[in-house]
Protein chains: 2
Amino acid sequence: VVGYRSDVASRDRPSAAEGARTIAASTNSGTLATLGAGGEPWASFVTYGLLAGAPVLCVSTLAEHGRNLAADQRASISIVSPSNDPDPQAWARVTLAGVADRPVGDELAAARHAHLSAVPGAAGYLDFADFTLWVLRVSRVRWYGGYGQMDVATDVEYAAAEPDPVAPNAARAVAHLNADHAESLLDMAKNLAGYPDATSATCTGADRYGLALTVDTPRGLAYTRVSYPNPLESPADLRSAATELAERARIGG
Amino acid sequence: VVGYRSDVASRDRPSAAEGARTIAASTNSGTLATLGAGGEPWASFVTYGLLAGAPVLCVSTLAEHGRNLAADQRASISIVSPSNDPDPQAWARVTLAGVADRPVGDELAAARHAHLSAVPGAAGYLDFADFTLWVLRVSRVRWYGGYGQMDVATDVEYAAAEPDPVAPNAARAVAHLNADHAESLLDMAKNLAGYPDATSATCTGADRYGLALTVDTPRGLAYTRVSYPNPLESPADLRSAATELAERARIGG
């Protein structure tokens, strides 16, 4: 039985930087923290687009956060990935912290495009005189991927990472595997993940590297992963990769 | 035609303080803004309960926001009401700002109960040595109820207000009115809201005071409200109050 194909990939799961980029790319709203006139912290809802992972904000100088940013450009944004999990502590989230500045020239055009692509409704106010585009230059990243999965990433790691391309299809794939392929998941736990005494297995996540499984055994619960031979490059690859994993697991690894 | 029954209620819509209390009571998670060691703003996901409107947090001193609060108790929390509206700028939200402190004695027991009632999963860690309960004493409130509805509330107004008791049933009532009672909504627009030339009407909100309507007329869109004779006291009252409004509208006000 082969557990992980450590020979073909340097790692078998997303890094903190990749997790952070994936969460940032999963939605278009978050909460900004800025500083009030007395240095007090101010939390406020914002929409954003992304320019190479850097949040692009469009805020009014008539709004409190807009006045705050104009006076002190230090800021951070907390982004929570949309989830149906009833337990909020299980939701994946990230904090991106740094200093905001106003893009100019070509970058202003790119920032404008990035914001409008993510927030089409901003077309109704983006060009009003009181609205300003800001790019948050990310210098610190704190990623939380769910229970027990947390780490920091540097600005360089964050800038170099890319969002997981299969993330848009992951929730549907996980639901489908659990609903219709319990036997295949159990085969994976037994024959690929090293739990020959597994009695059932549930898929809890799917990413470009593989599937996360929670495995029931007579010895207790186990949390493990099974990996594809190579990282996936497109959302459409998820289905065939899962099918191949199931086939490899069925014939015993 | 009688428009609003201004004779029986001092107002016909929720105040900013009521709106803020209602949003705070609508969920159990938000984003906290605290200050890092250099005074920089830090945004982080938190769960909370409520003690007379004051957010009760349970954070670890091993987490960045826990260390931040231990060093500087100034904080604010942004809370967004759950919504199915695809336009994030339409989501109701509030910022509550103030100073956090650690409850003691009877208030500690009440704060513990408030947090656990809202976040049952906290039973798994609340009593760990590194977790601390904090109560955010709210001194400033900024409420945003949706497009064109925004205001501030004082600490006294916020403390004195109560969450709208019909809020838990409001989304379902609005969906039902729009799906099955278009004719009644049009009658309300024509005969109660003062738009005799209305061609259609959509309900966009329901609260203890009445219904918010968007009305199509040959002159353009209008945003208006129709009010119940008296504010409602329980979620179960919403159905009969809407039925009575429809009947009053049908017979011409």
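Reader: Why does Gln89(A) count as buried?

Author: In this predicted model, Gln89(A) has 13% relative accessibility. Buried means under 20%. The value falls under that limit, so Gln89(A) counts as buried.

Reader: Where does Gln89(A) sit?

Author: Gln89(A) lies in the loop between β4 (74-80) and β5 (93-101) of chain A.

Reader: What makes the pairing of the side chains of Gln89(A) and Arg93(A) a polar contact?

Author: The distance is 3.1 Å. The cut-off for a pair of N or O atoms is within 3.5 Å. The two side chains therefore make a polar contact.

Reader: Leaving aside neighbours within four places in sequence, which residues is Gln89(A) in contact with?

Author: In chain A, Tyr144(A) and Tyr147(A). In chain B, Phe45(B), Thr47(B) and Tyr125(B).

Reader: What makes β6(A) and β7(A) a pair?

Author: Two strands pair if there are at least two bridges between them. β6(A) and β7 (residues 149-154) have six, in the antiparallel sense. Therefore they pair. One bridge sets Val141(A) against Ala153(A). The hairpin has two residues between the strands, and Gly148(A) takes a positive phi near 75°.

Reader: How do you know that β5(A) and β6(A) pair?

Author: Nine bridges join β5(A) to β6(A), and the strands run antiparallel. Thr95(A) has Arg142(A) as its bridge partner.

Reader: How many bridges join β3 to β6 in chain A?

Author: Five, between β3 (residues 54-60) and β6 (residues 131-146), again antiparallel. Leu57(A) stands opposite Trp134(A).

Reader: Why is α6(A) called mostly covered?

Author: Seven of its 10 residues are buried. They are Ser184(A), Leu185(A), Leu186(A), Asp187(A), Met188(A), Ala189(A) and Asn191(A). These residues pack against α5, β8, β9, β10 and α7 of chain A.

Reader: Which residues touch the most other members of the largest nonpolar core?

Author: The core has 29 residues. Met188(A), Leu211(A), Leu213(A), Val215(A) and Val226(A) touch the most other members. Two or more residues come from each of α5 (167-180), α6 (182-191), β8 (200-206), β9 (210-217), β10 (220-227) and α7 (237-250) of chain A. α7(A) gives the most, with six residues.

Reader: What is Val215(A) in contact with, leaving aside neighbours within four places in sequence?

Author: Its contacts include Ala189(A), Tyr195(A), Ala198(A), Leu221(A) and Thr224(A).

Definitions and conventions
Residues are numbered from 1 along each chain as its sequence is written. Chains are lettered from A and ligands numbered from 1 in the order in which they are written. This is a predicted model: local features need pLDDT of at least 70, side-chain atom pairs count only at pLDDT 80 or more; totals for chains, interfaces and linings use all residues. Side-chain values use heavy atoms; hydrogens and water are left out. Helices (H or I, at least four residues) and strands (E, at least two) are DSSP runs, numbered from the N terminus. Buried means under 20% relative accessible area, exposed over 50%, partly exposed in between (1.4 Å probe, protein chains only). A polar contact is a pair of N or O atoms within 3.5 Å; within protein, one must be able to donate a hydrogen and the other to accept it, and residues adjacent in sequence count only if both atoms are side-chain atoms. Contact means heavy atoms within 4.5 Å. A nonpolar core is a set of buried Ala, Val, Leu, Ile, Met, Phe, Trp, Tyr and Cys residues joined through side-chain atoms within 4.5 Å.
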